[in-house]
Amino acid sequence: AVAVALSQTMLSVALVLGIAICAPPPTVVNLAAAGAAGAAGALAVYPFDSIKTRLQSETAQKSYGGSGVRAALSLVRSEGLLSLYSGLGVQLTGVVPEKSIKLFVHDQSAPLLGEALSGALAGLCQVVATNPLEIVKVRLQLSSNPDSPLGVLQRLGAASNPLVLYTGAAACAARDSLFSAILFPVYASARTMLAEGDMHMTGALLSLTAGMLAAAPAAYLTTPADVVKTRLQEEREEPADLRDGAAAVVGANGATRGLASGGVGPLAAGRRVLSEGGVAGLFAGGPERVLRSAPQFGITLALYEGLKAGCEARGWL
């Protein structure tokens, strides 16, 4: 998994370096810079994402008692250190189009809509690329046995019903649009404060620090939507009370295929989480989500700003 991840990250970087030879239009340069920055950020903090997903699963409270440390130690002991990187290849495959869409849409719409609305629009648009890869990644992260993305897709029945890949899309859209609506205005304000205040930060350190400060509250406040998304996307047999009157599609292994096939709705899943774990259940994996998102977006935004500055200096933007 690590080898695949490194090769995909190198491919993203090579795409950015290739623009020096091809000199493509500014849109392509922007997308390439955003994709490379996003891949680097995701690679740096992926184990926190795996722990966060485990804590949000239906069996988390029984297995780990809500403790991220206990979840990490259990994973390493029972499945090995590389289990923390399950699904990393899928994440890096998806992070390039995801971050490219997010940063490009925001940059293009911010002058017209402002930071918050352009952020919400960017988060909403990225779901087209995010959700199919998220459902595969979540199932790989929660699997205790070696699995492959192709195996997950086969069990989902994606070949005959592509819409199943958008299971949990409503929760994913709510999470990503709210996250970006918080992230971008806070990031802009933090950059101004850090640059003009007593610290006089500049360059990559400014972008890194502002990105981390902006992503931390955005990540924590959107945890409930992330928990619901995980519950909708994990592979399990659904109890009848969650089906909202619709017949869930059950595979040969007894696992429902989710919302896109007429399964669980996000409101029903949210009510179930709330009834089982209270408000704390809706914020399961919140600290781990912050530990993952804050440095990831700090790194992503710092690299993105740096790559953009380099491209502008060479007349590519």
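Q: In which helix does Leu117 lie?
A: This is a predicted model. Along the sequence, the chain follows the pattern α-α-α-α-α-α-α-α-α-α-α-α. Leu117 lies in helix α6.

Q: Is Leu117 buried or exposed?
A: Exposed means a relative accessible area over 50%. Leu117 has a relative accessible area of 56%. Therefore Leu117 counts as exposed.

Q: Which residues make the nonpolar surface patch of about 400 Å²?
A: Leu117 is exposed, and it belongs to this patch. The elements that give two or more residues to the patch are α5 (88-113) and α6 (115-142). The patch is made by Leu112, Leu113, Leu117 and Leu121.

Q: What percentage of the 317 residues of the chain count as buried?
A: Buried means under 20% relative accessible area. Arg289, at 2%, is another. Of the 317 residues, the share that counts as buried is 50%.

Q: Which element gives the most to the lining of the largest cavity?
A: The structure holds three cavities of 30 Å³ or more. About 150 Å³ of space lies in the largest cavity. Elements giving two or more residues to its lining are α5, α6, α8 (169-196) and α12 (286-313). With five residues, the element that gives the most is α12.

Q: How many residues in the lining of the largest cavity are charged?
A: There are 15 lining residues, and the closest to the centre are Glu98, Arg175, Asp176, Arg292 and Phe297. By class, two of the lining residues are nonpolar and five are polar. The number of charged residues is eight.

Q: What is the volume of the second largest cavity?
A: Its lining includes Val90, Glu98, Ala129 and Lys137. Helices α5 and α6 each supply at least two of the lining residues. The lining has four nonpolar, three polar and three charged residues. The volume is about 60 Å³.

Q: How many residues apart in sequence are Arg175 and Asp226?
A: Side chains of opposite charge can pair when their charged atoms come close. The side chains of Arg175 and Asp226 meet in a salt bridge at 2.7 Å, N to O. Arg175 lies in helix α8 and Asp226 in helix α10 (residues 223-233), so the pair ties together parts of the chain whose separation in sequence is 51 residues.

Q: Which helix holds Arg289, the salt-bridge partner of Asp226?
A: The closest N and O atoms of Arg289 and Asp226 are 3.8 Å apart. The pair links distant parts of the chain, 63 residues apart. Asp226 is in helix α10, and Arg289 is in helix α12.

Q: Why are Arg272 and Glu276 separated by about one helical turn?
A: Arg272 forms a salt bridge with Glu276, with the closest N and O atoms 2.3 Å apart. Both residues sit in helix α11 (residues 266-282). They are separated by about one helical turn because their spacing in that helix is four residues.

Q: How many salt bridges does a search of the whole structure find?
A: Some salt bridges share partners. They join Asp49, Lys52, Glu134, Lys137, Arg175, Asp176, Asp226, Lys229, Arg289 and Arg292 into one network. Across the whole structure, the number of salt bridges is 19.

Conventions
Residues are numbered from 1 along each chain as its sequence is written. This is a predicted model: local features need pLDDT of at least 70, side-chain atom pairs count only at pLDDT 80 or more; totals for chains, interfaces and linings use all residues. Side-chain values use heavy atoms; hydrogens and water are left out. Patches are made of residues with over 30% relative accessible area and no salt bridge: like charges are joined within 9 Å, nonpolar side chains (Val, Leu, Ile, Met, Phe, Trp, Tyr) within 5 Å. Accessible areas come from the Shrake-Rupley method with a 1.4 Å probe; for residues, only the protein chains shown count as cover. A salt bridge is a side-chain nitrogen of Lys or Arg within 4 Å of a carboxyl oxygen of Asp or Glu. Buried means under 20% relative accessible area, exposed over 50%, partly exposed in between (1.4 Å probe, protein chains only). On a 1 Å grid over the protein atoms alone, a cavity is a set of points where a 1.4 Å probe fits but cannot get out, and a pocket is an open set with protein on both sides within 12 Å along at least five of seven lines; lining residues have an atom within 4 Å of a point. Grid points are joined across faces, edges and corners, and a volume is the space filled by probe spheres set on the points. Ala, Val, Leu, Ile, Met, Phe, Trp, Tyr, Cys and Pro count as nonpolar, Asp, Glu, Lys and Arg as charged, and the others, Gly among them, as polar.
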